[in-house]
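Biologist: Could you pick one part of this model and take me through it slowly, starting from a single residue? I'd like to see what it connects to.

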Amino acid sequence: MTRILHVLDHSLPLHSGYAFRTRAIMTAQQRAGLDVRGVTSIRHQASLAKGATVEPVEVHDGLTFHRTMETVTGPPGLREWRDIAALARAIEATCAIWKPDILHAHSPALDGLAALRVGRKLGLPVLYEIRAFWEDAAVGNGTGTQGSPKYWLTRQMESRAVAGADAVAVICEGLRTDLIERGFPAAKIMVSPNGVDMEMFGTPVPADPARAEALGLTGKTVIGFIGSFYPYEGLDDLIAAMPMLLMRNADIRLLLVGGGPAEDALRAQVAASPAAHAICFAGRVPHHEVEQYYSLIDILAYPRKAMRLTELVTPLKPLEAMAQGRLVAASDVGGHRELIADGVTGTLFPADDPAAMATALADLADARDIWDVRREAARRFVAEERNWARNVQRYQPVYQRMLDPQAGGAVSDAA
């Protein structure tokens, strides 16, 4: 049985898109007959609630994770290299007791560089998987600036990890195209797209009338967003569109589920809006209750702003909404265009344009005669093209070529 050690930034029990993608990959690989474990960086502990305990080896949802138990200090620049060294020691210690066949490292580049260090020492092949360019994610989150020294250094580290890996995986064509334009060979890069575990998330739950009543949504057409409130998500544009939406349909309501850095600004915007009575913040909800909120929403809206991050990277949330049998409407940035066929599996509208968004959402809300066909087409797309049970099969020929280089063939054949 082939053993795959996943090298990770963080994992369960933390709840994030990163952790859920990891869980989906590892769970699907276990079901496919692979032996898998994970090892996390020092950033896992840093992300836990204050006072939370961490064990050297933990099991969550049937998955085994080894932890980097060191702490790292120092000024920026030096601290990152110490981070790489600490994770490399944890990877090597895990290899000593578990003997993996392949190291499958996931971004950020710090994880890839640590895996490469151990791979070279122990003679293990390394697959490096990029979920986003973290320098662009920092710009999108408001914690970095494009063109800054930190942005440049992060980009250089990413390129170094890509160059050193035996094979590279990315989550979408946007990232693959960018790497090819940097000069990396296309044959080295496969696409492992975002997906949904249909066994876990593919059976919609019925709406809870009491919850709908408590939120003031009974008998209303509900537009919603479920996720993290980052500036690049464009929720300010969605709020700005609400007065225009209400002019078309007074029974429309907006439900915002989640929280994040932009929350305070969004709440202030709603308080000053003439549509405030029609907008509800549900706050952060436990992950096991998320399906209950999907069941209350007719149209999931994803109004991401146009920027390098959103043009290159595909999000997970629209796929979850499709799996839940919800209608999806999203801005026409590159990441959404990879997932949504306009007029077939969803609706696309111009990014950064509240008026155009209002028109598209109002038109969709009025077109109830197409709702069932649209929802069925979207759910079928996820089940057939973005189901993790199928997605993980893309890794297998790449793993085989890494274990047997004489087999030849291009990595991208698996894309």
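Modeller: Let's start with Cys-172, which counts as buried because its relative accessibility is 1%, and the cut-off for buried is under 20%. Bear in mind that this is a predicted model. Cys-280 is buried too, at 18% relative accessible area. If you're wondering about sulfur bridges, the structure holds 0 disulfides. In general, a disulfide is a covalent bond between the sulfur atoms of two cysteines.

Strands β10 and β11 run parallel and are joined by 4 bridges. As for how enclosed β11 is, 4 of its 5 residues are buried, so the rest of the structure largely encloses this strand.

Over at β14, the pairing is with β13 (residues 327-331): the two run parallel, joined by 3 bridges. Within that pair, Ser-331 sits opposite Phe-349 of β14.

The loop between β14 and α16 holds Asp-352. Check the backbone there: Asp-352 isn't a glycine, but its phi is positive, about 60 degrees. Its relative accessible area is 40%, so Asp-352 is partly exposed.

With a relative accessibility of 13%, Gly-325 counts as buried. Leaving aside residues up to four places away in sequence, Gly-325 touches Pro-204 and Arg-375. For a sense of scale, Gly-325 and Ile-252 are 73 residues apart in sequence, with 19 Å between their C-alpha atoms.

Away from the sheet, have a look at helix α7 (residues 173-181). Its buried residues are Gly-174, Leu-175, Arg-176, Asp-178 and Leu-179. Among the elements covering them are β6 (126-130), α6 (149-164), β7 (167-170), β8 (189-191) and α13 (308-312). After α7 comes Gly-183, with a positive phi near 110 degrees.

Then there's a helix pair to inspect. The axes of α3 (residues 78-98) and α4 (residues 109-122) come within 8 Å and cross at roughly 45 degrees. That angle makes α3 and α4 oblique to each other, and their crossing is right-handed. On the α3 side, the contact includes Trp-81, Ile-84, Leu-87, Ala-88 and Ile-91, while α4 brings in residues including Leu-110, Leu-113, Ala-114, Arg-117 and Val-118. As a reminder, an α-helix has 3.6 residues a turn, so residues three or four places apart point the same way.

A few backbone details are worth checking around that pair. Lys-99, in the loop between α3 and β5, is a residue other than glycine with a positive phi, near 60 degrees. Lys-99 counts as exposed because its relative accessibility is 56%. In the loop between β5 (102-106) and α4 you'll find Pro-108, joined to Ser-107 by a cis peptide bond with omega about 15 degrees.

There's also a cis bond from Leu-12 to Pro-13, with omega near 15 degrees. Pro-13 belongs to the loop between β1 (3-8) and α1 (17-31).

Key. Residues numbered from 1 in each chain as written. Predicted model: local features only at pLDDT ≥ 70, side-chain atom pairs only at ≥ 80, totals over all residues. Heavy atoms only, no water. Pairing = 2+ DSSP bridges. Buried < 20%, exposed > 50% of the residue type's maximum accessible area, 1.4 Å probe, protein only. Contact = heavy atoms within 4.5 Å. Disulfide = S-S within 2.5 Å. Axes fitted to C-alpha atoms, helices over the stretch in contact; angles between N-to-C directions. Parallel < 35°, antiparallel > 145°, perpendicular 65-115°, else oblique. Left-handed = near helix turned anticlockwise from the far one by under 90°.
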